[in-house]
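Here is a short briefing on selected features of the structure below.

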Amino acid sequence: MLYFAGLRSKKILIFTFIFTNFNTKNMHINLSSDDLAFRDDVRSFFEENKIKAGEDYFSWRLGWFEKAREKGGWDVPKWPEKFGGPGWTPTQHYIWEQETAKANIPFDLPFGLGMLAPILMNYGNEEQQKRFMPDIRDRKVNWCQGYSEPGAGSDLANLKTKAVLSEDGKHYIVNGSKIWTTLAHVADWIFCLTRTDDSGIKQQGITFLLFPMKQEGIEVKPIITLGGSHTVNTVHFTDVKVPVENMIGEEGKGWTYAKGLLEHERTGLAGLSKSLVELEQLKDNARSVQRGNGNLMDDSSYKSKVGELEIDLLATEFTELRSLASAAAGGEPGPESSILKLKGTEIKQRIAKLTVEASGIYSSAWGDKSAGPAFAKGGTAGYLNSRYFTIYGGASEVQKDIVAKKVLGLTKGSSK
Amino acid sequence: MNFELSEEQKMIQQSVERFVQENYDLTNRVKISSEDPGYSKEYWGSMADLGWLGLAFDEEDGGFGGNQIDTLVLMEQFGKGLVLEPFLANIVLGGGIIKRAASPAIKESIIPSLMEGKLQITLAYAEEQSRFDIEDVATAAREEDGGFIINGKKSMVLNAESADKIIVVTRTSGSQVDENGISLFIVDASSEGVERQNFPTVDGLRASEITFEDVKVSSEALVGEKDKGFKILQAVVNDAILALSAEAVGAMEVLYKDTVEYTQQREQFDHALSDFQVLQHRMVDMFMEYEQCKSLLFRATLETVEDPDLAQRTVHALKHLIGKSGIFVGESAVQLHGGMGVTEELRIGHFFKRLLVIDSQFGNADFHLDKFTNL
């Protein structure tokens, strides 16, 4: 038996996992009776609120979040109690992640809920919190994130989109371009990093602004990705007027606000719970491919690759749990979130690649009206788009620089 | 030992290279691919006029008497532009079967029109259950009234949409996976009972599922001996592997060179990307994989020209390496181009897709590693 514990101040939350039963293939995590009760509660909530046949998706979706809210902040699991969140323990969060990955719950977008809201909570004034957070919580306003620029990808601080304060001091005039802006074409608002001062080092002089997308001077152009889909865009700003009350925190301090968030974002990008579900799906798909008297999972090289993938996933899942436990003990996720992003995205890419391999000759068929088993349709598009995972949110090479510098203390990392 | 091309081959190489440079920029390729028939009839005509379609046919059949090395020269250059014209389906696959096994009458009726670019043919070999096993054939041809009746379904048939004639791999005896008992027939695509379902492929080409329902053919439609089709099929598949590998080598060259160029231009963290050692090493790896693939391509091609039977193991080795390295080079090019690499806007993504498709045709990397280690 092996276990480890993370301690949280005051309550002394003992975060214990016990590995038992070494004879079976899967490890077991022993949950406390409270945790088991919570898990059952979550499961029955999902079961009771499933979409019914013929029900309108969008009204079901909004109703679902309403009911989740009545459960005590289940509509905003990651928000702190102070802002209406459920105040779960790390174990409860873990259970939630596991269960949501398996269940059929309504889609949700991270931009307002998981990216902007924490910044509003930490750096927004009370008026801004009151103005923006209720609509985010009610899923009424779609947000997009204006960070990357054509010349500022991995080197995000190099951004050049200019915001100039008007003479009367009432608003900023924004000019410049953003790229890779996810869902900008359906967004109502954007939270945007702009440059108000370029006299100092590039991390200084960055200002965090919020403004509506549907206004004159904003042009959104689609970027079609290799998988053939339109989710990202370029966004051009020409003399866009932004009232000064839409600035978060202080002028020139935007980098500090955004940076903390990027670490949150990276943890989220690992997507491990979903990968666990997808791994099982992958095995089912491979079993459906007949080979001789057996199936593709009897093929030794394919089986080995699935096995290696599962081993990495088992380890990474616990790296995430350790990170959660230390976050519970000490606060913010730190540089270990880079490890999660590196491993988690690589795992997602490998699942996608193995789906392509399982598709065999049909992996080259394109589109719904082509040929092959159901899982093959879209499998290759998924793989092609998955190449993005090791690029966005900080490319893997940059993540490794961060680990080298911040964790290993190596000062000669290539990105300074 | 001599790895130099002949003067004639060098001239062809230069001429194809120029053709690709002049006609195959990304915009034009996307346009040709999206319009029917998915390739340029004008270009196909030029290829015929320039003699490229006749290179690999025997002189007695009216060709230039070339071999797999000539095809390598063409395909490597085609790979640098992701040429859409159906050279593989017509010349390597369909033409390969005809020149090896067809009766003089069939040869005479097919080869001249193939070389002139006036006839479109293809080879239908794969089936839903066969995956990469070419001997796994369920489509049946049974003898009746001095002819044959074909029933079954073929998968992922290249160029079938345009094909006037389809060479179909059928089972005439034995169990579904026996090498013996496979027979080849040439069938008019317009025959009663032949139905095509056409769709695009990941790389901008086209393929079809074809159903054969009680399709009647005469005994003259049999190509080669009854039940003895496997050896011919295998030889043609080996040629196709060599041709696709040459195309892949051309595509890999574009990918590594584009990446080297891009990283020298793109600046992040106040440096050109190419200043970062971790990226330099990745590019060195891409370059090495490309060179290694080229070496094995030469080796497998030369061995095949000398003795196809002895070359079998090297052909497996080649297709394994091409699959594995092609995807490595493609993924690396995308990674080093960053976000731009994952878009349709740069050509590297299209080259990457083609390499991905090449891995899935005629057996992927795993399949050929298994064959190689068991031979």
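**Briefing**

In chain A, strand E2 (residues 162-165) and strand E3 (residues 171-179) pair in the antiparallel sense, over 4 bridges. The model is predicted.

**Hairpin in chain A**

- E2(A) and E3(A) form a hairpin, with 5 residues between them.
- Gly169(A) lies in the turn and has a positive phi of about 70 degrees.
- Leu165(A) stands opposite Tyr172(A) of E3(A).

**Contact between chains A and B**

- On chain B, 35 residues are in contact with 37 residues of chain A.
- Strands giving two or more residues to the chain B side are E3 (147-158), E6 (194-200) and E7 (206-218) of chain B.
- Helices H8, H9 (308-337), H10 (347-360) and H11 (365-374) of chain B also give two or more residues each.
- H10(B) supplies the largest share of that side, 4 residues.
- By class, the chain B side divides into 15 nonpolar, 12 polar and 8 charged residues.

**Helix packing in chain B**

- Helix H4 (residues 68-79) and helix H8 (residues 277-306) of chain B pack at an angle of about 150 degrees.
- Their axes are 9 Å apart.
- Angles over 145 degrees count as roughly antiparallel, so H4(B) and H8(B) are roughly antiparallel to each other.
- H4(B) makes the contact through Gln68(B), Ile69(B) and Leu72(B).
- H8(B) contributes Leu297(B), Thr301(B), Thr304(B) and Val305(B).
- The contact of H4(B) with H8(B) has 4 nonpolar residues, 3 polar residues and no charged residues.

Terms used
Residues numbered from 1 in each chain as written. Chains lettered and ligands numbered in written order. Predicted model: local features only at pLDDT ≥ 70, side-chain atom pairs only at ≥ 80, totals over all residues. Axes fitted to C-alpha atoms, helices over the stretch in contact; angles between N-to-C directions. Parallel < 35°, antiparallel > 145°, perpendicular 65-115°, else oblique. Contact = placed C-beta atoms within 7 Å. Nonpolar A, V, L, I, M, F, W, Y, C, P; charged D, E, K, R; others polar. Pairing = 2+ DSSP bridges.
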